[in-house]
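Biologist: I am new to this structure and would like to learn how to read it. Could you show it to me and then take me through its features?

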Amino acid sequence: MSTQLRVIQWATGITGKASLKSILRNPRLELVGVKVYADEKNGCDAGELLSQEPTGVICTQDKKEVIELEADCVIYSPMPWDVEEMCEILASGKHIVTPCPYWFPFTQDKESAERLTEACESGGVNLHASGINPGGIAEMLPLTLTGLCNRIDRITMTEYGDCRDYGSEGVIRDLMNLGRTPEEAENNPVKDMLTSFWNEPIDMIAEGLRSEVVHYSSEHNYILANQSIETASGTIAKGTIALNNYRHIGKTKEGTEIIQEQIWFMDDITQDRLESKMEIPQDSGWRIRIEGDVNLVVDVRLDAPSQPERTQMGISLTGFHCANAVEATCKAKPNGIKTFLDLPLIAGTMGSYSIFD
Ligand SMILES: NC(=O)c1ccc[n+]([C@@H]2O[C@H](COP(=O)([O-])OP(=O)(O)OC[C@H]3O[C@@H](n4cnc5c(N)ncnc54)[C@H](OP(=O)(O)O)[C@@H]3O)[C@@H](O)[C@H]2O)c1
């Protein structure tokens with residue numbers, strides 16, 4: 001009998017395609033379905049989306065057909081996501097791993113946490129929200145590093161991203177507010193929801209430290225484009241936001257600060273096309289800084305010759321990490337929302353794969 005876990009890839013945008021590639025490579029996973037939205041992908045073989053050999057799995061826009069498939073897990077990667085839909089998938093008896101919310105919703109969004117938990121219980125399954133930021137680099141890595149430390153005064157996770165080659169308009173404009181006017185960013189209908197999303201990793205880190213956050217604050221600084229800038233997600237018009245610096249800060253009851261910082265920009269690191277400049281040490285990647293009686297700085301860099309390749313690698317990490325989390329998510333007990341605090345170490349999988357294949 002096959003011991004493979006049967007997986008559905010739900011949406012095949014930039015991160016969804018990375019997950020799809022990872023499912024197809026992983027001998028412990030079997031692709032059994034692909035849900036797509038785009039008309040031109042409907043009816044295509046999944047392999048075709050990746051310019052690979054045919055897989056025999058045909059992509060479909062038909063949600064009902066996908067929900068009715070026999071499968072263990074769905075990697076759910078749409079934009080936008082839908083909590084109702086997530087509940088429907090869970091209640092149908094399929095685990096979900098997703099780069100979308102909800103990473104640690106128990107404090108910021110109790111209502112969604114309860115609905116998702118009920119759906120998990122009714123389907124006898126789990127939900128694990130992962131990715132990179134939030135996800136593996138925003139929470140799991142800082143928490144892992146705290147295990148090397150003693151007194152901890154401040155934990156800062158900073159993401160640096162030259163986002164010109166990130167081709168998702170939905171993520172770049174609706175979530176990151178790049179290419180928007182400051183007024184549009186301020187009045188973004190999802191502003192409060194975004195704040196709660198950046199607070200979720202903060203809450204998870206605090207919980208991991210056996211503490212809790214007693215005060216939240218945030219700062220938003222931005223720099224406008226001094227000329228129009230062409231990017232994979234469209235033109236960034238002169239006078240709109242071309243660099244966003246968000247800082248979300250949680251203070252624990254012991255006074256430790258946990259900071260999630262994003263520096264996203266639409267220029268190269270010289271920032272010549274911006275109205276002013278900010279000190280940015282790397283064009284893509286992350287810095288984790290822990291301050292206390294030991295000061296630790298860990299830089300995560302993407303080693304590739306060009307910025308488009310670094311962007312592609314950075315986004316791929318999100319999709320790969322989701323696929324790597326499928327086994328742990330499917331095995332976890334009791335059923336419910338499973339965060340990094342509930343799951344064992346999520347490592348890559350070699351299986352029968354050989355780099356010489
Ligand atoms: N946690 C993290 O680290 C992290 C990092 C990056 C992204 N994300 C999240 O991952 C998700 C996917 O991001 P991405 O970069 O892959 O975005 P993307 O390239 O824009 O892909 C989104 C996909 O959603 C599908 N879609 C189209 N219209 C839709 C609709 N009306 N409702 C629902 N889905 C629709 C499409 O799938 P088809 O192409 O198959 O038709 C599209 O390609 C987003 O929700 C984003 O917030 C998380």
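Modeller: We will go through domains, ligand shell, sheet, core and backbone in turn. This is a predicted model, in which local features need pLDDT of at least 70 and side-chain atom pairs count only at pLDDT 80 or more, while totals for chains, interfaces and linings use all residues. Residues are numbered from 1 along each chain as its sequence is written.

Biologist: Which domains does the assignment of the protein chain give?

Modeller: Domain bounds come from an automatic or database domain assignment. Here it gives domain 1 (5-130 + 325-337) and domain 2 (136-305). Their C-alpha centres lie 26 Å apart. Across the boundary, 12 residues of domain 1 are in contact (C-beta atoms, placed from the backbone, within 7 Å) with 12 residues of domain 2. On the domain 1 side, seven of these are nonpolar, four polar and one charged. For these classes, Ala, Val, Leu, Ile, Met, Phe, Trp, Tyr, Cys and Pro count as nonpolar, Asp, Glu, Lys and Arg as charged, and the others, Gly among them, as polar.

Biologist: How many residues surround the ligand?

Modeller: A residue is near a molecule if its C-beta atom, placed from the backbone, lies within 6 Å of it. The ligand is surrounded by 27 residues, and the closest are Gly-13, Tyr-37, Pro-78, Gly-131 and Ser-168. Helix H1 (14-25) and helix H7 (169-175) are the elements giving two or more residues to this shell. Such helices (H or I, at least four residues) and strands (E, at least two) are DSSP runs, numbered from the N terminus. By class, the shell has 15 nonpolar, 11 polar and one charged residues.

Biologist: In what order do the strands of the open sheet come?

Modeller: Two strands pair if DSSP finds at least two bridges between them. Seven strands follow the order E3-E2-E1-E4-E5-E6-E15, with parallel pairing. Strand E3 (59-60) and strand E15 (336-337) are at the edges with a single partner strand each, so one side of each has no neighbour in the sheet. Strand E1 (residues 5-10) pairs with strand E4 (residues 73-76) over four bridges, and Ile-8 stands opposite Val-74 in E4.

Biologist: Which residues have the most contacts inside the largest nonpolar core?

Modeller: In soluble globular proteins, nonpolar side chains tend to be buried together. A nonpolar core is a set of buried Ala, Val, Leu, Ile, Met, Phe, Trp, Tyr and Cys residues joined through C-beta atoms within 7 Å. Buried means 20 or more other C-beta atoms within 10 Å of a residue's own, exposed 12 or fewer, and partly exposed in between, with C-beta atoms placed from the backbone. The largest core here has 84 residues, and Val-7, Val-74, Ile-75, Leu-90, Leu-116, Leu-178 and Ala-242 have the most contacts inside it. At least three of its residues come from each of domain 1 and domain 2.

Biologist: Which peptide bonds are cis, and which residues have a positive phi without being glycine?

Modeller: Most residues other than glycine have a negative phi, and most peptide bonds are trans. The bond from Pro-101 to Tyr-102 is cis, with omega near 25 degrees, and that from Asn-133 to Pro-134 is cis with omega near -5 degrees. Ala-11 has a positive phi of about 85 degrees and sits in the loop between E1 and H1. Asn-177 has a positive phi of about 60 degrees.

Technical notes
Contact = placed C-beta atoms within 7 Å.
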